Amino acid sequence: MEHIVEMRWDDDARVWYAVCDSIPLALESNSFDALIERVKTAAPEILADNGTDRESSRLCFRAERRENIA
């Protein structure tokens, strides 16, 4: 199963955050790369805790960044 992780930039808080509809996941970080690593660590643990087969699971990262023009 493919799990789509949405990664978005919050310009007001100046952080990246990640959410996923199929995994109860909500993480944030100041660094995009650090956030990917946090998700890659947390997601398998969450899947295992929920009884989901980690071996047949894939993570797909989608990123979006919007900034105010000032």
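User: How many salt bridges does a search of the whole structure find?

Analyst: The search finds 4 salt bridges, a salt bridge being a side-chain nitrogen of Lys or Arg within 4 Å of a carboxyl oxygen of Asp or Glu. The model is predicted, so local features need pLDDT of at least 70 and side-chain atom pairs count only at pLDDT 80 or more, while totals for chains, interfaces and linings use all residues. Residues are numbered from 1 along each chain as its sequence is written, and side-chain values use heavy atoms, with hydrogens and water left out.

User: What makes the contact of Arg-8 and Glu-6 a salt bridge?

Analyst: The N to O distance between the side chains of Arg-8 and Glu-6 is 3.8 Å.

User: Why is Arg-8 called partly exposed?

Analyst: Arg-8 has 29% relative accessibility. Buried means under 20% relative accessible area, exposed means over 50%, and partly exposed lies in between, with a 1.4 Å probe and protein chains only. Arg-8 therefore counts as partly exposed, and Glu-6, with a relative accessible area of 22%, is also partly exposed.

User: Which classes do Arg-14 and Asp-11 fall into, buried or partly exposed?

Analyst: Arg-14, at 43% relative accessibility, counts as partly exposed, whereas Asp-11, at 16%, counts as buried. The two residues form a salt bridge, with their closest N and O atoms 2.5 Å apart.

User: How do you know that Lys-40 and Glu-37 form a salt bridge, and where do they lie?

Analyst: Their closest N and O atoms are 3.4 Å apart, so the pair meets the definition of a salt bridge. Both residues lie in helix H1, 3 residues apart, about one turn of the helix. Helices (H or I, at least four residues) and strands (E, at least two) are DSSP runs, numbered from the N terminus. Lys-40 counts as partly exposed at 43% relative accessibility, and Glu-37 is partly exposed at 44%.

User: Why is His-3 called buried?

Analyst: The relative accessible area of His-3 is 1%, so the residue falls under the limit for buried. His-3 is found in strand S1. Not counting residues up to four places away in sequence, His-3 touches residues including Cys-20, Ile-23, Leu-47 and Leu-59, contact meaning heavy atoms within 4.5 Å.

User: What makes a set of residues a nonpolar core, and which members of the largest one touch the most others?

Analyst: A nonpolar core is a set of buried Ala, Val, Leu, Ile, Met, Phe, Trp, Tyr and Cys residues joined through side-chain atoms within 4.5 Å. Of the 16 residues in the largest such core, Val-5, Ile-23, Leu-25, Leu-35 and Val-39 touch the most other members. Strands S1 (2–10), S2 (15–20) and S3 (25–29) and helix H1 (32–49) each supply at least two residues, and H1 gives the most, with 7 residues. In soluble globular proteins, nonpolar side chains tend to be buried together. Beyond its neighbours within four places in sequence, Val-5 is in contact with residues including Leu-25, Val-39 and Phe-61.

User: Why are S3 and S4 called edge strands?

Analyst: The 4 strands form an open sheet of mixed pairing, in the order S3-S2-S1-S4. S3 and strand S4 (58–64) are the edge strands, each pairing on one side only.

How values were computed. Two strands pair if DSSP finds at least two bridges between them.
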